[in-house]
Amino acid sequence: MTLMKTMTTTLGAAALLASTATTALAVDLQFFFPVAVGGKAADTIQALTDEYAAANPDVKIDAVYAGSYQDTITKTLTAVRGGTPPQLSVILSVDMFTLIEEDAIIPFDGLAKSDADKAWLTSFYPAFMDNSMTGGKTYGIPFQRSTPVLYWNKEAFKEAGLDPETPPATWEEQIAFGKKLTKRDANGNVTQWGMRIPSSGFPYWLFQGLTTQNDVILANDAGNKTNFDDPKVVEALQYLVDLSAKHEVMQPGIIEWGSTPKAFFEGQTAMMWTTTGNLTNVRDNAPFDFGVGMLPANKRRGAPTGGGNFYIFKDSTDEQKAASFEFIKWITAPEQAAKWTIATGYVAPRPDAWETPAMKQYVADFPPALVARDQLEYAVAELSTYQNQRITTILNDALEAAITGQKAPAAALEEAQAEADRILADYR
Amino acid sequence: MTRPSLTLRREWVHGWLLLTPALVLLFAFTHLPAVTTIWDSFFSTPRGRREAKFVGLRNYETLLADDTFWQVLSNSLWYAAVTIPVSVGLALLMALWVDGRLSGRGFVRLAYFAPTVLPLIAVANIWMFFYTPGFGLIDQIRGAFGLPEVNWLGNPDLALGSVMVVAIWKEAGFFMIFYLAALQSIPPQLREAAAIEGASRWTFFRRVTFPLLMPTTLFVSVNAVINSFRMVDHVFVMTEGGPDNASSLLLFYIYETAFKYWDTAYASTLTVVLLVLLSALALGQFFLLDKRVHYR
């Protein structure tokens with residue numbers, strides 16, 4: 001607690017310094033942004049911000065790199081509580097309810113006065129807007145958004161006698177392919193696993209791919225009721241557990257996110273599920289020919305979306321709010337969105353960004369970039385509720401308990417549902 | 001008659017003036033936060049427009065019914081019970097070894113001390129590589145002997161142990177330095193006298209060296225206790241408390257509650273438990289061990 005108080009004081013003081021060091025004429029904006037995928041993203045944001053500032057001398061934007069997504073929301077909420085919030089920030093789309101509950105953000109609808117602005121609010125992919133709206137109001141504008149896809153090693157496919165151009169399309173095929181791709185040495189020890197669905201830290205995200213494919217939604221739109229004990233959810237978890245326990249095509253236990261691309265490059269796994277945010281990384285580092293495809297389907301195709309949205313904070317002047325709105329409009333415009341996508345691999349959040357010459361050139365060069373966009377048609381909102389971090393932790397704990405064989409899937413999910421109900425009861 | 005009391009008062013004022021800077025810092029950054037923490041633990045968490053309200057002991061009732069808390073507490077106690085004696089024991093062994101005559105002594109000392117210099121986050125990242133299933137260092141060595149791969153951090157039975165090993169590896173070298181300094185301050189006459197008396201090396205260690213090291217042992221063990229509850233950086237990097245809280249420690253859970261769930265009231269309640277626990281341990285150590293410590 002001492003640590004926490006000290007941190008609050010220090011951050012508060014830092015924010016105070018930043019806000020007093022302003023000039024009277026120009027509008028000053030402080031902008032917090034996270035980086036989840038390495039250094040290039042930070043440079044791109046800085047370059048875009050500078051470009052905007054050069055074209056608009058009456059606006060000064062202080063772009064602050066705030067760490068990971070987790071660090072960014074921690075810093076932002078600390079600043080909000082200290083009375084000195086940033087004017088705008090990129091934060092996980094799923095933290096929307098948390099920010100609303102803290103009374104920290106305002107909806108964009110009030111700022112969109114002209115018809116053009118109102119049309120702009122509806123110009124994004126609907127799959128991304130699912131996590132950005134509640135109660136008919138838009139609280140977030142999609143920016144660094146992603147979705148998980150399937151990467152496969154074409155050489156390993158050839159070696160196993162599979163068509164290197166065809167990824168598994170269904171759950172059954174995924175197991176069948178996995179069995180062919182899993183190689184064991186003379187001692188019976190595995191030298192190459194068939195597939196890999198990482199599960200450390202936040203297993204709920206990729207698990208949501210499985211539940212969507214099994215045609216079930218984990219939480220309602222109002223964010224106050226979860227659906228963890230639905231038989232279809234249990235079935236999805238059983239499938240995930242069976243990949244290791246029954247079919248032995250995936251390494252048992254919790255699988256690390258961070259080392260997943262490395263395991264793929266090292267040939268330790270022939271297929272992996274991971275975020276499109278890794279696309280550029282895999283392109284640069286895989287020593288073999290690889291393919292990128294949509295996640296396999298069961299009852300339907302499906303994947304969650306992920307990543308961060310822009311939010312505008314309540315505790316600022318009207319000029320600051322209007323200036324933030326203009327800046328967000330500019331940075332999510334087609335040309336800027338295309339630059340951002342090409343630099344990082346994040347999915348450009350609106351259809352017209354894909355029609356720009358730069359983007360057309362990029363996808364002609366590197367067609368896998370299109371897979372994520374095409375998958376959006378089947379994508380659903382990432383799990384998001386009130387008390388979001390706590391609810392997802394409850395689900396994560398249940399998933400980890402099932403994956404490590406400590407609890408049966410049905411029992412683990414029933415307990416998780418009971419606990420989530422207890423917490424969300426206050427919000428109904 | 002007035003004069004002595006005036007001098008007394010002036011001394012009194014001087015004394016307090018000298019103490020003030022330290023007191024202000026101590027109160028502002030240690031005592032005040034501790035008291036507000038205890039105070040906050042009797043209120044609900046303020047959220048947005050909802051103010052904090054007095055809830056009495058409700059946070060403590062939640063605490064008693066919270067399975068995660070009990071698991072985390074037992075993890076923390078196991079963590080302390082294993083890492084403290086092992087790292088202190090290892091430190092003593094290493095110090096005794098590098099204190100003796102031995103070729104390349106400077107290099108061995110440096111090697112033992114190296115982990116201490118590294119930041120814990122860096123250490124955790126190095127160990128992540130050691131522990132990686134399949135192509136990590138440990139599994140590559142196991143693979144050379146035909147042993148199957150082990151998911152050290154992803155198995156609930158192994159995760160806490162794996163995290164403990166990192167802490168011991170990091171801590172032992174640091175404590176070794178204190179033991180080494182203490183060993184070198186033991187007068188060589190004692191060894192000569194013991195040799196004349198015909199005492200075995202073990203008797204000499206048990207009857208002479210070890211008692212003389214007791215002040216260092218007390219200091220080191222107080223530090224070890226504090227560190228075992230304070231150092232959780234590697235948990236963030238390596239497991240994030242998983243799988244299913246198997247490697248979560250009390251301070252990590254407090255951080256999660258405060259800065260992930262934003263339930264500051266419950267985080268305060270958990271912090272009170274940590275405060276009580278640490279105070280009890282510190283008092284116990286000073287009062288019980290102090291009697292057995294021989295200061296020269």
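Guide: What follows is a conversation about chain A and chain B of this predicted model.

Visitor: Let us start with chain A. How many helices and strands does it have?
Guide: There are 18 helices and 14 strands in chain A.

Visitor: And how compact is chain A for its length?
Guide: Its radius of gyration is 22 Å, close to the 22 Å that the globule rule gives for 428 residues, so chain A is as compact as a globular protein of that length. Along the principal axes, its C-alpha trace spans about 75 × 50 × 40 Å.

Visitor: What share of its residues is buried?
Guide: Buried residues account for 62% of the 428 residues in chain A. The accessible surface of the chain is about 16,100 Å², and carbon and sulfur atoms contribute 54% of that surface.

Visitor: What about contacts along the chain?
Guide: Considering contacts in chain A with a separation of 6 or more, 74% are between residues 24 or more positions apart.

Visitor: Which residues does A:Leu240 touch?
Guide: Leaving aside residues up to four places away in sequence, A:Leu240 touches A:Ile197, A:Phe207, A:Leu210, A:Met250 and A:Ile403.

Visitor: Now to chain B. Where does UniProt place the feature "transmembrane region"?
Guide: The unreviewed UniProt entry places that feature at residues 12-32, 77-98, 110-130, 158-183, 204-226 and 265-289 of chain B.

Visitor: How much helix is there in residues 158-183 of chain B?
Guide: That span is 100% helix and 0% strand, and its end C-alpha atoms lie 36 Å apart. Residues 204-226 of chain B are 96% helix and 0% strand, with end C-alpha atoms 31 Å apart.

Visitor: Which residues of chain B does UniProt list for "domain: ABC transmembrane type-1"?
Guide: The unreviewed entry lists residues 73-283 of chain B under that name. Over residues 73-283 the chain is 78% helix and 0% strand, and the end C-alpha atoms are 20 Å apart.

Conventions:
Residues numbered from 1 in each chain as written. Chains lettered and ligands numbered in written order. Predicted model: local features only at pLDDT ≥ 70, side-chain atom pairs only at ≥ 80, totals over all residues. Heavy atoms only, no water. Contact = heavy atoms within 4.5 Å. Helix = DSSP H or I, 4+ residues; strand = E, 2+ residues; numbered from the N terminus. Rg over C-alpha atoms; globule rule 2.2 N^0.38 Å. Buried < 20%, exposed > 50% of the residue type's maximum accessible area, 1.4 Å probe, protein only. Areas by Shrake-Rupley, 256 points an atom, 1.4 Å probe, with all protein chains shown as cover. UniProt positions renumbered as here; feature names shortened; annotations may be inferred.
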